[in-house]
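The structure is shown first.

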Amino acid sequence: MSDPRRLIPGTDSVLAEPRIATAVRRLGRPLVKAAIEEAQRRARAGEIAPEDVVDAAVGRLPERACGLRPVINATGVLVHTNLGRAPLSDAARDAVLAACGCTDVEFDLAEGRRARRGRGALAALAEAVPDAGAVHVVNNNAAALLLCALALAQGREIVISRGELVEIGDGFRIPDLLASTGARLREVGTTNRTHARDYAEAIGPDTGFLLKVHASNFHISGFTAAAEVTELAALGPPVVVDIGSGLLSPHPLLPQEPDATTALRAGAALVTASGDKLLGGPQAGLLLGEAGLVERLRRHPAARALRVDKLTLAALEATLRGPEPPVRTALAADESDLRERATRLVERLRAEGVPAELLRTEAAVGGGGAPGVTLPSAAVGLPAPYGPLLRGGAVPVIGRLEHGRYLLDVRTVEPDQEQSVVEAVLAVRRSHTGGASEPPCT
């Protein structure tokens, strides 16, 4: 009897199959070839028939030549660091697509010569914060603070409160970041109380600037004190304020969250902020402040290494000029509207036999913004086993486990994603119950 493995189609013949040839043009030869080789391996092992190799290879092909997968954020955390922080608005996504090819990012079409890089985004940022004498954009907020230290305090001292020696994500620490520039940290005050006089007593000929860092991912209460920007501005050296979250002006729902406009009006020489948090745009570091200082930072040699690409500039400008981005919309969402949305979802799911329930819950800003602030919200409660199954779906839906239930918080689910959420939940029920009404084991 002839060996059935001889019937397994060769790589070249599979590559010539129309569906595979189309995939090569879309995904590239290496990705497609890897899928073919895996299908051939399965056929040699007897797991599939030789005639099924093409179908198996097509089934293993990813949707795009990128490992990142779109997910639906149903965690109730508006700015979820693990999920890429702020989702871009439709206007920002369109801007990114427009910037994918050749653009006039650094070219004056009228004059036919080189122009200021990203002038549209810079103009939009300046318009959003008119109290800033000048603005600049780098690749993230840590880079903005790094550039301040390099340009203003290399070999000199940065005066900072001990209560603001913050550790940010993945173990990175602000003091380590600053020390890496060759600046020396002059720590003042205590963990819970620091006064303006502590800064004043530390100022000397080696002082580069005074630094205030927003404690964006923790909150200290009780017997506390902190110097105001107005007090520090009166001491002489430049005051750099790292507000962190990207709030450009005061927000009524976040009265304790620092914003760029207020800091500048209080006398800050420079303000640094993130573009991908409460601003709701792409990852970027925003620098706003006195024109002379901003220009000094912009012309520093390290600024070239920290600059942003055309896609970020396009998305940032569209975020600043366009409609409210999803993060801002979610922040302002009305509790009664959220409850109505969650109720509709629960009713649709229960009609299909899913044991869903309506739950009142609390959402959070996240992303190192507004620590301690909770936002009233509503969620769809499902049996806990739905969690890993929803994460493994065609469109992963990421919720949170709370009191033995898997919660899908609608505050972070965009309205046009609701149908996808319903389909994902129903797909879990069908695939793990054989179409019966019973839910996965609880």
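## Pockets

The largest pocket of this predicted model has a volume of about 1200 Å³. A pocket is here an open set of points on a 1 Å grid over the protein atoms alone, with protein on both sides within 12 Å along at least five of seven lines, and lining residues have an atom within 4 Å of a point. Grid points are joined across faces, edges and corners, and a volume is the space filled by probe spheres set on the points. The lining of the largest pocket consists of 38 residues, and Val71, Pro87, Leu88, Arg93 and Glu414 are those nearest its centre. Two or more lining residues come from each of β1 (72-73), α5 (90-98), α15 (326-332) and α16; α15 gives the largest share, 4 residues. Helices (H or I, at least four residues) and strands (E, at least two) are DSSP runs, numbered from the N terminus. By class, this lining has 20 nonpolar, 6 polar and 12 charged residues, where Ala, Val, Leu, Ile, Met, Phe, Trp, Tyr, Cys and Pro count as nonpolar, Asp, Glu, Lys and Arg as charged, and the others, Gly among them, as polar.

The second largest pocket holds about 1000 Å³ of space. It is lined by 36 residues, with Lys212, His214, Ala215, Ala226 and Gln256 closest to its centre. The elements that supply two or more residues to this lining are β7, α10 (229-233), β8, α11 (260-265) and β12. Its residues divide into 18 nonpolar, 12 polar and 6 charged.

## Cavity

Rolling a probe the size of a water molecule over the atoms shows where empty space is left. A cavity is a set of grid points where a 1.4 Å probe fits but cannot get out. The count comes to 1 cavity of 30 Å³ or more, and about 30 Å³ of space lies in the largest cavity.

Which residues line the largest cavity? They are Leu345, Val380, Leu408, Val410, Val413 and Val421. By class, this lining has 6 nonpolar, no polar and no charged residues.

Axes are lines fitted to C-alpha atoms, for helices over the stretch in contact, and angles run from 0 to 180 degrees between N-to-C directions.

Strands β4 and β10 (residues 285-289) run antiparallel and are joined by 5 bridges. Val135 has Leu288 in β10 as its bridge partner.

## Four-stranded sheet

A further open sheet has 4 strands in the order β11-β12-β15-β14, with antiparallel pairing. Because β11 (357-366) and β14 (400-402) stand at the edges with a single partner strand each, one side of each is left without a neighbour in the sheet. The twist averages 45° from one strand to the next.

Over 3 bridges, β14 pairs in the antiparallel sense with β15 (residues 405-409); Leu401 stands opposite Tyr406 in β15. Helix α16 (residues 335-351) lies across β11 and β12 (369-383) and runs at about 25° to β12.

## Residue Asp259

Is Asp259 buried or exposed? Asp259 counts as buried because its relative accessibility is 6%; buried means under 20% relative accessible area, exposed over 50%, and partly exposed in between (1.4 Å probe, protein chains only). Asp259 lies in the loop between β8 and α11.

Leaving aside neighbours within four places in sequence, Asp259 is in contact with Ile243, Leu247, Leu248, Ser249 and Pro250. Asp259 and Glu63 are 196 residues apart in sequence, and their C-alpha atoms lie 40 Å apart in space.

## Overall architecture

The protein chain comprises 18 helices and 15 strands, and its C-alpha atoms fill a box of roughly 90 × 55 × 40 Å, taken along the principal axes. Of its 442 residues, 47% are buried. Among contacts between residues at least 6 apart in sequence, 72% join residues at least 24 apart.

## Basis of the values

Residues are numbered from 1 along each chain as its sequence is written, and side-chain values use heavy atoms, with hydrogens and water left out. As the model is predicted, local features need pLDDT of at least 70 and side-chain atom pairs count only at pLDDT 80 or more, whereas totals for chains, interfaces and linings use all residues.

Technical notes. Two strands pair if DSSP finds at least two bridges between them. Contact means heavy atoms within 4.5 Å.
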